[in-house]
Amino acid sequence: MKEKILTALREREGYVSGQELCETLAVSRTAVWKAVTKLREEGYEIDSVQNKGYSLLASPDAMTEAEIRSWLHTREMGQNLVCFEDTDSTNLQAKYLAEEGAPHGTLVCADQQTKGRGRRGRAWDSPPGEAIYMSLMLRPAIRPEHASMLTLVMGMAVADACNELMEGNMAGLKWPNDLVINGKKAAGTLTEMSAELDCIHYVVIGTGINVNTREFPAELSQAISLRQAAGHSFQRAELIALCMKYFETYYGLFEQTEDLSLLKKDYDRLLVNTGREVRVLEPGHEYTGTALGINRYGELQVRCEDGHVEEIYAGEVSVRGIYGYV
Ligand code: BTN
């Protein structure tokens with residue numbers, strides 16, 4: 001009910017009459033009034049004027065189901081939505097839900113994580129009130145060896161969503177999927193999978209986005225937030241909904257070919273490594289080359305010093321800029 005009222009108020013600039021709300025939502029005037037009162041208690045500023053109705057003036061930056069749903073316009077992604085004020089890790093929660101039979105497209109969000117996890121066994125700092133911690137659970141009918149490409153699909157969705165909200169093309173991607181602004185990391189993705197040799201049970205794509213962080217601890221000197229880059233704060237729920245919108249579109253294109261053929265051009269447009277020297281750290285073998293872009297499997301093509309081109313698979317190697325993080 002609260003989310004339906006929020007959606008109705010958000011869709012309209014100006015006032016929506018109480019009568020219209022009652023008719024669209026098929027509820028009584030008292031029910032509308034009660035829901036508006038609850039929303040006000042949660043920090044929403046809702047003006048009410050006799051003979052005009054209600055108007056939404058300001059919203060708290062809440063990571064609640066009602067707030068996220070009021071922005072969400074997808075068919076599938078995020079439609080089954082689970083929100084936590086705090087949890088251990090949204091990836092862990094998404095995996096539990098998957099084991100219990102949750103549907104494809106289930107999204108888990110949290111305002112805070114106590115055991116946030118990053119790639120390569122690292123921890124992911126997850127304080128409350130400033131960032132996005134979200135995990136999308138999919139049941140893709142694809143071969144397990146193709147699942148790592150989904151990380152790149154999410155990277156693109158997050159980059160495009162951030163660029164849309166920041167009204168510019170400030171954000172790019174460091175291969176395979178770190179979101180980069182001004183040479184610093186603004187978001188990262190950890191993808192996990194439960195599969196047999198030839199079939200996937202589920203995939204969990206977990207993304208952390210530094211949205212409204214004002215200052216990072218000294219050890220995170222390579223981190224940046226959208227707020228720091230743009231000079232103002234963002235509504236986290238709106239950004240989550242935009243990420244889901246872009247992901248749904250890109251996932252549809254990925255499904256058509258089961259690779260990145262239809263997305264490669266857009267991915268390369270976002271890739272900040274292109275034309276730059278990179279250091280490739282393979283187990284037992286390190287070398288330097290120039291990043292060219294990705295192939296249709298999402299592998300990074302690197303021209304080595306002797307002119308031949310290597311195709312690098314994300315799982316095995318990491319790539320560093322030779323003058324810094326990018
Ligand atoms: C990285 O190391 O770059 C990946 C970071 C992924 C962090 C996100 S936050 C939401 C989800 N839950 C986790 O525990 N990790 C991912």
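In what order do the seven strands of the open sheet lie? In this predicted model, the order is β3-β4-β5-β9-β8-β7-β6, and the pairing within the sheet is mixed. The edge strands are β3 (81-84) and β6, each of which pairs on one side only, and the twist from one strand to the next averages 20°.

**The sheet and its helix**

- Strands pair in a sheet through backbone hydrogen bonds, and they do so in either a parallel or an antiparallel manner.
- Strands β8 (residues 184-195) and β9 (residues 200-210) run antiparallel and are joined by nine bridges, with Ala 195 standing opposite Ile 200 of β9.
- Helix α5, made up of residues 90-99, lies across β3, β4, β5, β8 and β9, and runs at about 155° to β9.

**Backbone geometry in the loops**

- Most peptide bonds are trans, and most residues other than glycine have a negative phi.
- The peptide bond that joins Trp 175 and Pro 176 is cis, with an omega of about 0°, and Pro 176 is located in the loop between β6 (171-174) and β7 (178-181).
- Arg 120, although not a glycine, has a positive phi near 55°, and this residue lies in the loop that runs between β4 (106-110) and β5 (131-138).
- The relative accessible area of Arg 120 is 49%, so this residue is classed as partly exposed, given that exposed means over 50%.
- Glu 258, which is likewise not a glycine, has a positive phi of about 55°, and its place is in the loop between α8 (236-257) and α9 (264-270).

Methods. Residues are numbered from 1 along each chain as its sequence is written. This is a predicted model: local features need pLDDT of at least 70, side-chain atom pairs count only at pLDDT 80 or more; totals for chains, interfaces and linings use all residues. Side-chain values use heavy atoms; hydrogens and water are left out. Helices (H or I, at least four residues) and strands (E, at least two) are DSSP runs, numbered from the N terminus. Buried means under 20% relative accessible area, exposed over 50%, partly exposed in between (1.4 Å probe, protein chains only). Two strands pair if DSSP finds at least two bridges between them. Axes are lines fitted to C-alpha atoms, for helices over the stretch in contact, and angles run from 0 to 180 degrees between N-to-C directions. Contact means heavy atoms within 4.5 Å.
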